[in-house]
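Have the viewer open as you read.

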Amino acid sequence: MVTLSPARSRAALLALALGGFGIGTTEFATMGLLPEIADDLGVSIPAAGHAITAYALGVVVGAPTLAALGARLDRRRLLLLLMVAFTVGNVLSAFAPSMGWLVLARFLAGLPHGAFFGVGAVMGTAVVGPERRGRAVAAMMAGLTVACAVGVPLSTIVGQAVGWRWAFVGVGVLGLVTLAALHAWTPSLPSAPGTTVRTELAALRNRRLWIAFGAGAVGFGGMFAVYSYVKPLLTEVTGLGLGLVPLVLALYGIGMTIGTVVGGRLADRSVLGTVIGSMVATIVVLVAIALVGAYPVPAVLALVLLGVTSQVLGLSLQTRLMDVSPAAPSLGAALCHSALNLGNAAGAFAGGLVIAGGFGYLAPAWVGAGLTAVGLVVVLVCGRGGVPVLSAPAGAEDRARDLTPELSTR
């Protein structure tokens, strides 16, 4: 833990939240700009969707890889390097001359995503103290949720008004602002003595880490089974006009923001209990969507609640992955974003299967409830218990205890 004044601690968390805002904006903005991208580059909308897949793959690959490769770097320096890579990836996206180049640029932009949140979670915990680590993660994740409520709608409006490329230029500018904030407000945080790529990767032998990873990848897929097809759900089943869809998505983002605040406080009380409780709540909400999706008011309310419960789940999963990887908390937190993006792919794929099978746009909600239920079973059967005792380099265990104390009672 580093000792900072309350004002400096808040500033450091704000810098991390700015990074989350930029990352959240670029991750979801592409979904609202596919028609413009397809028209400009002369490809079909499904082909333009490969840019979304490429970004998700970048997250999955980059999260553990960059967190491990940067194991010996000062956490502040690593955050700056990751934000440089993020900014470059988005600028390259803005100037991509063809679909192939755009896919490559989106893959590069996705590489630092998970590692930034993983290393940022460790930085935030060090700034505020281990007893408030849930709220530290929540402060950083708040940037991502605000992006869903504000950044994504704004980038869509900009993209539709003056061209999709300017949306990515705007994200690049956000990256530069974040770089300045990280440089000015975050403290130096050296890695643990003796930490290497090998010792960081040694954490991958931890069974509980992979149980939490698998539960997150499957369980979080439930939300994406619905969110991936929310536009046709709202217009073709609920009966809302096309112009109301951005408003509903903004409300969903507000729900995510509420979930971030609530989830941080709940995770500080019981991380594992919050994971289980949020999975149960998400299942209930997904079933509610399947039952009331045809009625405007309850359907919108259920979607907002899905934003709340899914964000509580995502935040508590990230904290849990840090806790079950005490010798490599950056890697554990980064793996959370690999898991969530695998959940993105799995949920969208499973939801698409039932839609293609003729079961309609409410069917993905049932599929999503099933996926989250499977994740819950994994947690209840295999994922309970305290933090494992891992061998670590000299000094790493002390630092791990400072950042992520054992949760044998959680």
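Where is Asn-206 found? Asn-206 sits in the loop between helix 9 (197-202) and helix 10.

## Ground rules

This is a predicted model, so to speak of local features pLDDT has to be at least 70, side-chain atom pairs count only at pLDDT 80 or more, and totals for chains, interfaces and linings use all residues. Residues are numbered from 1 along each chain as its sequence is written, and side-chain values use heavy atoms, with hydrogens and water left out.

(Buried means under 20% relative accessible area, exposed over 50%, and partly exposed in between, using a 1.4 Å probe and protein chains only.) Asn-206 and Val-324 are 118 residues apart in sequence, yet their C-alpha atoms are 8.0 Å apart in space.

Helix 10 itself covers residues 207-219, 13 residues in total, and reaches 18 Å from first C-alpha to last, close to the expected 18 Å at 1.5 Å a residue. Helices here are DSSP runs (H or I, at least four residues), numbered from the N terminus, and the expected span is 1.5 Å times one less than the number of residues. Arg-208 belongs to helix 10 and counts as partly exposed because its relative accessibility is 22%. Its C-alpha is 8.6 Å from that of Leu-321, a residue 113 positions away in sequence. Buried residues of helix 10 include Leu-209, Ile-211, Phe-213 and Gly-219.

## Helix 4 and its kink

Helix 4 (residues 50-69) has 20 residues and reaches 27 Å between its first and last C-alpha, close to the expected 28 Å. There's a kink of about 40° at Gly-62, shortly before the proline Pro-64. The bend at a residue is the angle between axes fitted to the seven residues ending there and the seven starting there.

Both Gly-62 and Pro-64 are buried, and the buried list for helix 4 also has Ala-51, Tyr-55 and Val-59 among its members. Leu-69, also in helix 4, is exposed, since its relative accessible area is 57%.

On a 1 Å grid over the protein atoms alone, a cavity is a set of points where a 1.4 Å probe fits but cannot get out, while a pocket is an open set with protein on both sides within 12 Å along at least five of seven lines; lining residues have an atom within 4 Å of a point. Volumes are the space filled by probe spheres set on the points, with grid points joined across faces, edges and corners.

The second largest pocket has a volume of about 360 Å³. It is lined by 17 residues, and Leu-13, Val-128, Arg-132, Arg-135 and Ala-139 lie nearest its centre. Helix 1 (6-32), helix 6 (99-128), helix 7 (133-162) and helix 13 (245-269) each give two or more residues to this lining. Helix 7 has the largest share, 6 residues. The lining draws at least three residues from each of domain 1 (1-195) and domain 2 (206-328 + 339-384), with domain bounds that come from an automatic or database domain assignment.

## The largest cavity

The count comes to 5 cavities of 30 Å³ or more. About 210 Å³ of space lies in the largest cavity, which is lined by 18 residues, with Phe-28, Leu-144, Phe-220, Phe-224 and Leu-340 nearest its centre. Elements that give two or more residues to the lining include helix 1, helix 7, helix 11 (221-227) and helix 16 (329-356). The largest share, 4 residues, comes from helix 16. This lining, too, draws at least three residues from each of domain 1 and domain 2.

Helix 16 also holds Asn-341, which is buried at a relative accessible area of 5%. The C-alpha atoms of Asn-341 and Gly-221 are separated by 8.6 Å, and the two residues are 120 apart along the chain.
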